[in-house]
Amino acid sequence: MKDTTREALRAPVFRWTIVFGVAVIAVVVAIWPRSTVPDNPLSDPSASPRPLPSSTPDAAELAAARTRAALAPCPTPTAPVGPRSVLAGVTVTCLADGRPIDIGAATAGKPLIVNVWATWCGPCRAELPVFGDFAARLGERATVLAVHDDQGADELLALRLLTEIDVHLPTVLDTTGAMAKALRVRPVLPATVFVRADGTIAAAPIRLYRTVDELAADTQKYLGVAS
């Protein structure tokens, strides 16, 4: 019986049947319809990324929001930049008027208290008014600056929030993260950085300021500025 089976397998007809079957399968695979959409668009080199929606607000709407916010003007240069200033050459956008400014040059020669915040940060909403009240109490003895640290930030959203909480501090947009990097801001907001008149960092305490007196005490402690 085994010999008969071996002879059948050696028969030319059987071998040609196998060859024909393989050929048919190959043809079917070749002509089988395929989807024109790749399984994974990211792996398709010809696939174009979808454009991101623009966050640029209407010019008239933005101008109206700036008027309502009534922010204090951003600081302007009054002294040469110190050779050790960490902010030298750092460019940010003034939220009050949309112009770019060299923040190192604009704040040189005077102690600086920086409050870093973002619209999505809940505790920032509570802390910003404290800085606003402190700035009024401090007067010209130091500069208090709000820094909106949110790459790709929406100016309109920032203006609306400041209007809502009635804060009119001079504010800049750090859309590239360059200022936060220069000040070594940790990835936790809000953040406060005390900067000496020569542009060097005095302190960056990790805390939330709930009262003007708390902020005044640390300003005296780190910058020697009384209020």
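I started with the helix contact: E61, L62, A65, R66, R68 and A69 in α3 touch E155, L156, L159, R160 and T163 in α6 (contact means heavy atoms within 4.5 Å). These residues split into 5 nonpolar, 1 polar and 5 charged (Ala, Val, Leu, Ile, Met, Phe, Trp, Tyr, Cys and Pro count as nonpolar, Asp, Glu, Lys and Arg as charged, the others, Gly among them, as polar).

A note on the source: this is a predicted model, where local features need pLDDT of at least 70, side-chain atom pairs count only at pLDDT 80 or more, and totals for chains, interfaces and linings use all residues. Residues are numbered from 1 along each chain as its sequence is written, and side-chain values use heavy atoms, with hydrogens and water left out.

Next I checked the geometry. The axes of α3 (residues 59-69) and α6 (residues 155-164) come within 9 Å and cross at roughly 25°, which makes α3 roughly parallel to α6 (angles under 35 degrees count as such).

Then I looked for aromatic pairs (ring centres within 6.5 Å; planes under 30 degrees apart are stacked, over 60 edge-to-face, the rest tilted). The whole structure has 2. F131 and Y209 pair edge-to-face, 6.0 Å centre to centre with 85° between the planes. F131 sits in helix α5 and Y209 in the loop between β7 and α8, 78 residues apart. F131 is buried at 0% relative accessibility (buried is under 20%, exposed over 50%, partly exposed in between, with a 1.4 Å probe and protein chains only). Y209 is buried too, at 1%.

F194 and Y222 have ring centres 5.2 Å apart and planes at 45°, so I logged this pair as tilted. F194 is buried at 0%, while Y222 is partly exposed at 26%.

Key:
Axes fitted to C-alpha atoms, helices over the stretch in contact; angles between N-to-C directions. Helix = DSSP H or I, 4+ residues; strand = E, 2+ residues; numbered from the N terminus. Parallel < 35°, antiparallel > 145°, perpendicular 65-115°, else oblique.
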